[in-house]
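Biologist: I would like to learn how to read this structure. Please take me through it one feature at a time.

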Amino acid sequence: MKTFKIEHRNSDGFEIIDLYGELDAHTASQLEESLKNLISDQKSNIIVNFRELDYIASAGLGVFMAYIEDVRTIGGDIKLSNMNDKVYNVFDLLGFPTLYDIFDDEKQAIKKFLSDS
Amino acid sequence: MIAMGEEKNQSHSTFELKTVIETSRMLVESRDTDFVLNNLLLILMGRLLVTKAAIFIHDPVEETYTLRKKKGFDKLEEGAHYTFDLGPEKNKEPYFEVGSADKIKPENGADLQNCFLFNLRTSNNHHGYLLLGPKAIRTSFSREDLGFTESLCIISTAALVNSQLFTELTNTYRNLDRRIHELNTLFDLSKEFNLLVDREKISSIFKFALLGQLFIRTFFLIYKTGSKYTLLTSSGAVVKPTQKQINSIFLEADEDILVVDENLKNQHEWIKKSNITALISVTIQNERVALIGVGERVNKVPFSESDYNFLKSLANLAVISIQKTFFLEERIDKERMEEELSIAKAIQEGLLPDPIPEIPGIDLAAKTVSSREVGGDYFDIAEAPDGSTIFAIADVTGKGVPAALLMANLQSMLHVLLPVEITLSEATDRINNIIHKNTPSDKFITFFWAKYLSEHKILRYVNAGHNPPLLLRVDSDEFVELTDGGLLLGAMETFMPYVQTDIQLNPGDLLVCYTDGIDETMNKSFEEYGTERLKSCILENRAKSSAEIMDGIVDSVKRFSGNVFSDDLTLLVLKACD
């Protein structure tokens, strides 16, 4: 089991958050911190890359629910990419695909941002 | 000719048989209702050269038919509900031509002339109808056409039932998956909450789990401590409520689950503005301790019974953990208080003379027993600059910390006045004025003090409302009560000087000063120990040393009360020696 970790990088003007390990009740607040910081810096084109994330709990999903509207209000979006099947299944189960763009690959998310603007 | 015709017929039948077999294989493997229905239509239309066809699925609850799929039939609408008004017994036929008496309602002017209806059925149940339009080439359906269609209908109906079952199973499986996920969430959080003592963190994790699991954005949690209601956390569209609004919604929404209606919205403007759709009470051990408000689900799917159940379970977990943090804080406060009290006790003990000083010509013993950590009893023995000795005993009204503070105040005054050259009477006047000025009107001190002039063996005393010390002369069995002085301290400003009185002490004379903890101690039948018992105890022990007399009194009081002290008790015993 990998320990939870958040890495942040910038790719062509898009804020990319890489998640590692397990995002659960315990680690959810760290993701909240990252999103809050981006929002307060008015950085709103956010892609969360789940490639290295093994597990997500409801509390993790809740963080996305809590901040999506804030991000969209300042004209951006949170797009999600590179989920493994287990993680995607949880998102799907709770109805998230109706509210979020979820892509197989980060590049598709960037493309969507570019075509939307 | 006949032979050729038979050959053609035969190859035709073979083709049909092949179609039926291929179709059946394809259909049976398919789990997609839409695919099954679409195929049925396309195969038939291609094979029979028909330009319009439609499939109606029976809804046994509503007794209507839903048009699930159609080609042609512009007047009919996919997804709309229809009823069939057919001639008697027709629904038992495998198929029949639509006659002028047969109606599909609402009619909408659909042309049903020369159309056929095929009963879609399995061996037990009727599932719907296939409506097949006339052939494009204007010939009527042959017997083979009808037989072929009937077979295909039977196979397709079986496949249809299969695919519906599969869809149902998939849904069930998905629901099960959701339940498992909910359980995991509960399990996860119960572990997490157990480790947490930070109320804000618990609230925030609870919030996120709820937002994620229920797919909502708007939420608040009001928590009740004592008779106070606090908004612990909120999210999404929640408008910050005033304390009054918090109180009123908590008191009003006293149902288990309250779905917000127009009436409630009109009464609670902020609930309306916050887009709250349901209010859920959390009850622990018959007490409503929290109220949770949730907004609608982002995908508009209404909350189910099981959603509410999940919410309540999660809320229970969170609220119990939040309660735990409050209990913990109370305990920490209590421990801090106890620690402070034990420090106060040490300070107070430091204010009493220890060891008891030796006074020439006097056998002296004194002690105080506190019923609490700190108390309001006081005694003192101090040497004045003129070589005389001051004895004092006092009792502050009330108990505990307030009494102890006043006692400390008295102690410092006494020591400040000690080197000042004034009479005992004047000193008492001053102390009374200061105590009166500095303390609330319901706080008093009963105070007895005396100055012993060893050269002349004179004891000069002032009694300010204290239990009269008992003087037992060496040659008498009668007690003299030392009552002279004045009012107790702090009651009012000194307007009549305190009276000081001298008594001569002869060797063997015994003086016992005590506080009301001695005479007012009660036994189990609520009788007071009283001064008579005290006097006989003193008489019994009069031959002994001061320390032994003192211990004798304490033991006697202890025995009388069954070792229960509700008040502080203090004794100061002095016996004149040769």
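**Reading the contacts and helices**

Modeller: In chain A, 71% of the contacts between residues at least 6 apart in sequence join residues at least 24 apart. Two residues are in contact if their C-beta atoms, placed from the backbone, lie within 7 Å. This is a predicted model, in which local features need pLDDT of at least 70, side-chain atom pairs count only at pLDDT 80 or more, and totals for chains, interfaces and linings use all residues. Residues are numbered from 1 along each chain as its sequence is written, while chains are lettered from A and ligands numbered from 1 in the order in which they are written.

Biologist: Which elements make up the secondary structure of chain A?

Modeller: Helices (H or I, at least four residues) and strands (E, at least two) are DSSP runs, numbered from the N terminus. Chain A has four helices and five strands, in the order β-β-α-β-α-β-α-β-α from the N terminus.

Biologist: How are two packed helices described?

Modeller: By the angle between their axes and the distance between the axes. Axes are lines fitted to C-alpha atoms, for helices over the stretch in contact, and angles run from 0 to 180 degrees between N-to-C directions. For helix 1 (residues 28-40) and helix 2 (residues 58-73) of chain A, the angle is about 10 degrees and the axes are 9 Å apart. Helix 1 and helix 2 of chain A are therefore roughly parallel (an angle under 35 degrees).

Biologist: Which residues of helix 1 of chain A meet helix 2 of chain A?

Modeller: A:Ala28, A:Leu31, A:Glu32, A:Leu35 and A:Ile39. Their partners in helix 2 of chain A include A:Gly60, A:Val63 and A:Tyr67.

Conventions. Parallel < 35°, antiparallel > 145°, perpendicular 65-115°, else oblique.
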